[in-house]
Amino acid sequence: MHYVMIEDNEGQLIEAIPVCSESCARQYCSDNGLDYDGWNGCHELEFDDYCGSCESVIVGVLGAYVY
Ligand SMILES: [Zn+2]
C-alpha cells in the first residue's frame, strides 16, 4: 500500500491518506488539487483500511481492527 502525504507550507505532515496503488495516489491528488510528489515507498499497514481513492479494502498485517 501507499500513503499520500499532505504537508503544510512548512513541510509539516498534516495527514497521511492510505491508497492501494500508485495510480490511486495520482487519482487522489488530482481529485483534491494536490501536487503528486512521487511514490514514497511501500508501507505496511497494521490494520485493514480503505483506499482514499477507489475505496477498496487494503488488507493490514493484523487484519480487521476490532473496536
Ligand atoms: Zn485504490
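Leaving aside its neighbours within four places in sequence, which residues is Leu45 in contact with? They are Met1, Pro18, Ile58, Gly60 and Val61. Two residues are in contact if their C-beta atoms, placed from the backbone, lie within 7 Å.

## Model and confidence

This is a predicted model: local features need pLDDT of at least 70, side-chain atom pairs count only at pLDDT 80 or more, and totals for chains, interfaces and linings use all residues. Residues are numbered from 1 along each chain as its sequence is written.

The mean pLDDT (the predictor's confidence in each residue, from 0 to 100) is 88. Of the residues, 97% reach 70 or more. Confidence is lowest in strand 1, at a mean of 87. Strand 3 has the highest, at 94.

## Overall fold

Helices (H or I, at least four residues) and strands (E, at least two) are DSSP runs, numbered from the N terminus. From that end, the order is β-β-α-β-β. The radius of gyration is 12 Å, close to the 11 Å that the globule rule gives for 67 residues, so the protein is as compact as a globular protein of that length. The radius is taken over C-alpha atoms, and the rule is 2.2 Å times the number of residues to the power 0.38.

Along the principal axes, the C-alpha atoms fill a box of roughly 35 × 25 × 20 Å. Among contacts between residues at least 6 apart in sequence, 39% join residues at least 24 apart.

Strand 1 (residues 2-7) and strand 2 (residues 13-19) run antiparallel, joined by six bridges. Strands pair if DSSP finds at least two bridges between them. Met5 has Ala16 of strand 2 as its bridge partner. Five residues lie between the strands of this hairpin, where Gly11 takes a positive phi near 80°.

Of the 67 residues, 18% count as buried. A residue is buried if 20 or more other C-beta atoms lie within 10 Å of its own, exposed if 12 or fewer, and partly exposed in between, with C-beta atoms placed from the backbone. In helix 1, Cys24, Ala25 and Tyr28 are buried. Seen down the helix axis, the buried residues fall within an arc of 105°, so they line one face of helix 1. The arc is that of the directions from the helix axis to the C-beta atoms. These buried residues pack against strand 1 and strand 2. Ser23 and Ser30 are exposed, on the face turned away from the buried side. Just after helix 1, Gly33 has a positive phi of about 65°.

The largest nonpolar core has eight residues: Val4, Val19, Cys20, Cys24, Ala25, Tyr28, Cys51 and Ile58. Helix 1 gives the largest share of this core, three residues. Such a core is a set of buried Ala, Val, Leu, Ile, Met, Phe, Trp, Tyr and Cys residues joined through C-beta atoms within 7 Å. Not counting residues up to four places away in sequence, Ala25 touches His2, Val4, Val19 and Tyr36.

## Two loops

Leu45 lies in the loop between helix 1 (22-31) and strand 3 (49-50). Leu45 counts as partly exposed because it has 17 C-beta neighbours inside 10 Å. Its C-alpha atom is separated by 7.4 Å from that of Val59, 14 residues apart along the chain.

Glu55 lies in the loop between strand 3 and strand 4 (57-58). Glu55 counts as exposed, with 10 C-beta neighbours inside 10 Å. Glu55 is not a glycine, yet has a positive phi of about 65°. Most residues other than glycine have a negative phi.
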